[in-house]
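User: Could you walk me through reading a few features of this structure?

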Amino acid sequence: MSLERTDVEKIAHLARVEIGGEELDAIASDLSNILDLVEQLSAADTEGVVPMAHPLHMAQRLRPDEVSEENQRELFQSIAPQTEAGLYLVPKVIDQV
Amino acid sequence: MSMHEKNLTELAAGLRAGDYSSVELTQHFLDRIKQRDGELNSFISLSEASALEQAKAADARLKSGEAGPLIGIPIAHKDIFCTQGIKTTCGSRMLDSFISPYDATVVAKLKAEGIVTLGKTNMDEFAMGSSNETSFYGPVKNPWDTTAVPGGSSGGSAAAVAARLAPAATGTDTGGSIRQPAALCGLTGLKPTYGRVSRYGMIAFASSLDQAGPMTTSAADAALLLQGMAGFDRRDSTSADEPVPDYSAGLDGDLTGLKIGLPKEYFDDGLDSAVAKSVEEAIAEYRKMGAEVKEISLPNTHLAVPTYYVVAPAECSSNLARFDGVRYGHRCEDPKDLEDLYKRSRGEGFGAEVKRRIMIGTYALSSGYYDAYYLKAQQVRHLISDDFKHAFEQVDVIMGPTTASTAFGLGEKSDDPVSMYLSDIYTIATNLAGLPGISIPVAPVNGKPVGLQIIGDYFAEARLLNVAHRYQQVSDWHKAVPASFE
């Protein structure tokens, strides 16, 4: 499996990670090598094998839908990069009409 | 005997006898870290003020006659565990200034037992690495040979305990990150059964594989520390609701008739012959103790690393999506729009290995590739798990090397991700299956530690500790300290 620069750009966009243009070739080569390693899986006979999602085949635990935690907004927002009036601030996402 | 030469049982006895207070003990280790850690870089943060306060409170508890083997004992936590009031970085620039608003369950439970937190240990960034070279805070050096790696990702915890800068430490293991550094640094390191120790407040890497455990200088110490860490936690949705046995009670149990399986795939051409000899010598000791040894097969062993490098990156790409520069963690300067905020905050905050794994995971989960990669890997994971199931129908424990060689040199594999990944070849399969495993030191090779790995069936931690402890009754390798750190 060999990835091109454009593949890396696409994956980086999907993952929302900025990659410098000068790093693209090195990353394409590293990721291709890792995919070559992973390629060994295709030789395994998995006909009829159930995918294993959990090591202990456990069922998801449920609990009553009740409030169990107290509100700690101020505490949690004290470590945020930018907040105002109890809200997290991000750049404008909706343009004015 | 100086305080840093004692194990946890001896330290607890000294505290009770009044030979020293917890404040004196804590100060001794803090001073040792300040004097010696410049050579190793095993700590990211030192929590001197809060450690001394905790020690003072522990002294009051001891004075009131309170029982509890961990009261007043200072340890170090891997910097992956959230600690209220102490910086938690996970070895990443992303969390360089992150102070958690709460304690991880492991931290809270040990605090309640009277444990003192000395500081937070260095680690591969987000626990992604096998050499501790991916840390934003620089590599850690192996105290047995400072030109070699300590292993990873819990490399700081391993180096700190090996150099006796802390009597014990916590670690986490997603593909070998407790056992491999324990092996390379000459320690006892236990990865419990998946779900045995709570993952709450332990920064997530691959949620179906991550598990916390103790890193100590003996199996008896590991039993004491695991006792304080293990147990059901309603805050972890995959926590095991299983009773916690008394891990110290069965340490001396007789091993006559114990059935030991040696997987032939763990003794193949990839194994260094001197390491193989050390491991075989240790297994011969078990024969002398009355154990029966037989060859077994784990036929899908060669698929463990490829499976892991689909499953772990897939889960990591999802888990690390939370680092978006909005609620906590690194945010880039002057983002021009929301997408720019995400991309640059993550591009600047994550190091090269973390980006590689996020991208592999994103690719494996992307439209059109899911069946070929993720689904296939989860199927092979089932085959790997079944290999162990069949093995445990024939034997009580599985033994083999923890690693294929002794500690490799700093920089030796850091430019070649695939060669680094293959260094976890013997440890990864147990995470995929969710089984417990322990590494204990056996005869070193050219002055460098070698680990014997013992793998058990689900929730067989007490049995593993018993098997490990009995070897430590007839050997002294676990007591060895690097000459320059005596």
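**Helix contact in chain B**

Analyst: Happy to! In H9(B), residues B:Tyr309, B:Val310, B:Pro313, B:Ala314, B:Cys316 and B:Ser317 meet B:Arg357, B:Ile358, B:Ile360, B:Gly361, B:Thr362, B:Ala364 and B:Leu365 of H11(B). Contact requires C-beta atoms, placed from the backbone, within 7 Å. Nine of these contact residues are nonpolar, three polar and one charged. Ala, Val, Leu, Ile, Met, Phe, Trp, Tyr, Cys and Pro are classed as nonpolar, Asp, Glu, Lys and Arg as charged, and the others, Gly among them, as polar. This is a predicted model, where local features need pLDDT of at least 70, side-chain atom pairs count only at pLDDT 80 or more, and totals for chains, interfaces and linings use all residues. Residues are numbered from 1 along each chain as its sequence is written, with chains lettered from A and ligands numbered from 1 in the order in which they are written.

User: At what angle do H9(B) and H11(B) pack?

Analyst: Axes are lines fitted to C-alpha atoms, for helices over the stretch in contact, with angles from 0 to 180 degrees between N-to-C directions. Here the angle is about 100° and the axes lie 7 Å apart. H9(B) and H11(B) are therefore roughly perpendicular; that class covers 65 to 115 degrees, while under 35 is roughly parallel, over 145 roughly antiparallel and the rest oblique.

User: Which elements give two or more residues to the side of chain B that touches chain A?

Analyst: Elements are DSSP runs numbered from the N terminus: helices (H or I) of at least four residues, strands (E) of at least two. The contact takes 57 residues from chain B and 39 from chain A. On the chain B side, the contributors are H9 (304–319), H10 (338–349), H11 (352–365), H12 (371–391) and H13. H12(B) gives the most, eleven residues. By class, this side has 31 nonpolar, 15 polar and eleven charged residues.

User: And which strands pair with S5(B)?

Analyst: Strands pair when DSSP finds at least two bridges between them. S5(B) runs antiparallel to S6(B) (residues 211–216), joined by two bridges, and B:Gly189 has B:Met215 as its bridge partner there. With S10(B) (residues 437–445), S5(B) pairs in the antiparallel sense over three bridges; B:Leu190 is partnered by B:Ile438.

User: Are the residues of S5(B) buried or exposed?

Analyst: Buried means 20 or more other C-beta atoms within 10 Å of a residue's own, exposed 12 or fewer, and partly exposed in between, with C-beta atoms placed from the backbone. B:Thr188 and B:Leu190 point one way, B:Gly189 and B:Lys191 the other, and all are buried.

Key
Contact = placed C-beta atoms within 7 Å.
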